[in-house]
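Please read them with the sequence and the model side by side.

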Amino acid sequence: MTGYFNAAPRPLHPGDAPAARALVLGSLGATPYVDRVLELLDQAIAWHPEPRGGGGGLLIERDGTAAALALFGPVEGSIAWRLDAVLIAPDVELREIGGIILDAVADQVRQGGGSLLVAELPADAAVGRSITLLRANGFRQEGRIPDYFRDGVALLFLRRAL
């Protein structure tokens with residue numbers, strides 16, 4: 001799909017809800033994580049156009065089809081911002097737009113006064129593309145809590161200094 005999607009990330013707006021929800025459902029399917037990401041998506045869309053405290057969401061799309069989504073926001077009283085979710089459509093190559101959306105998030109974090117981006121996610125194959133994307137774009141694992149989500153599924157702590 002190279003060249004098909006407009007690679008310019010933009011803030012989410014209410015009209016993006018159907019395409020963004022389709023991306024979340026297509027990426028996470030019937031996993032234990034889909035409901036929380038949909039909840040975060042709804043919050044990010046509700047914050048448009050002026051996110052409370054910064055953050056919100058960014059989307060890469062074309063013709064109503066979402067290719068990439070990032071949901072993020074500040075950690076209150078800290079230089080850190082949290083990356084709640086980053087998803088790339090299953091039929092889109094990570095290297096094609098993954099770095100673009102993460103760099104756009106990093107720019108938003110810097111503009112908001114942050115200098116650290118953190119992600120907490122399950123060490124689960126269901127989010128394996130997201131983990132691969134983060135690691136390929138400067139995120140380093142800082143910690144791990146075994147059996148956090150359920151037996152055999154740890155919680156990973158990843159960070160990227162900006």
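1. In this predicted model, D107 and R110 form a salt bridge whose closest N and O atoms are 2.9 Å apart. Both residues belong to helix α3, which covers residues 94-111, and they sit 3 residues apart, about one turn of the helix. D107 counts as partly exposed at 40% relative accessibility, and R110 is likewise partly exposed, with a relative accessible area of 41%.

2. The structure holds 9 salt bridges, and another of these joins the side chains of R82 and D84, with 3.0 Å from N to O. R82 is partly exposed at 26% relative accessibility, while D84, with a relative accessible area of 25%, is also partly exposed.

3. A further pair consists of D16 and R10, whose closest N and O atoms lie 2.7 Å apart in a salt bridge. Here D16 is buried because its relative accessible area, 5%, falls under 20%, whereas R10 is partly exposed at 23%. The two residues also belong to a network of salt bridges that links R10, D16 and E61.

4. Turning from charged to nonpolar side chains, I145, Y148 and F149 form a nonpolar patch on the surface, and together they have about 280 Å² of accessible area. I145 is part of strand β6, which spans residues 140-150, and this residue counts as partly exposed, with 35% relative accessibility.

Terms used: Residues are numbered from 1 along each chain as its sequence is written. This is a predicted model: local features need pLDDT of at least 70, side-chain atom pairs count only at pLDDT 80 or more; totals for chains, interfaces and linings use all residues. Side-chain values use heavy atoms; hydrogens and water are left out. Patches are made of residues with over 30% relative accessible area and no salt bridge: like charges are joined within 9 Å, nonpolar side chains (Val, Leu, Ile, Met, Phe, Trp, Tyr) within 5 Å. Accessible areas come from the Shrake-Rupley method with a 1.4 Å probe; for residues, only the protein chains shown count as cover. A salt bridge is a side-chain nitrogen of Lys or Arg within 4 Å of a carboxyl oxygen of Asp or Glu. Helices (H or I, at least four residues) and strands (E, at least two) are DSSP runs, numbered from the N terminus. Buried means under 20% relative accessible area, exposed over 50%, partly exposed in between (1.4 Å probe, protein chains only).
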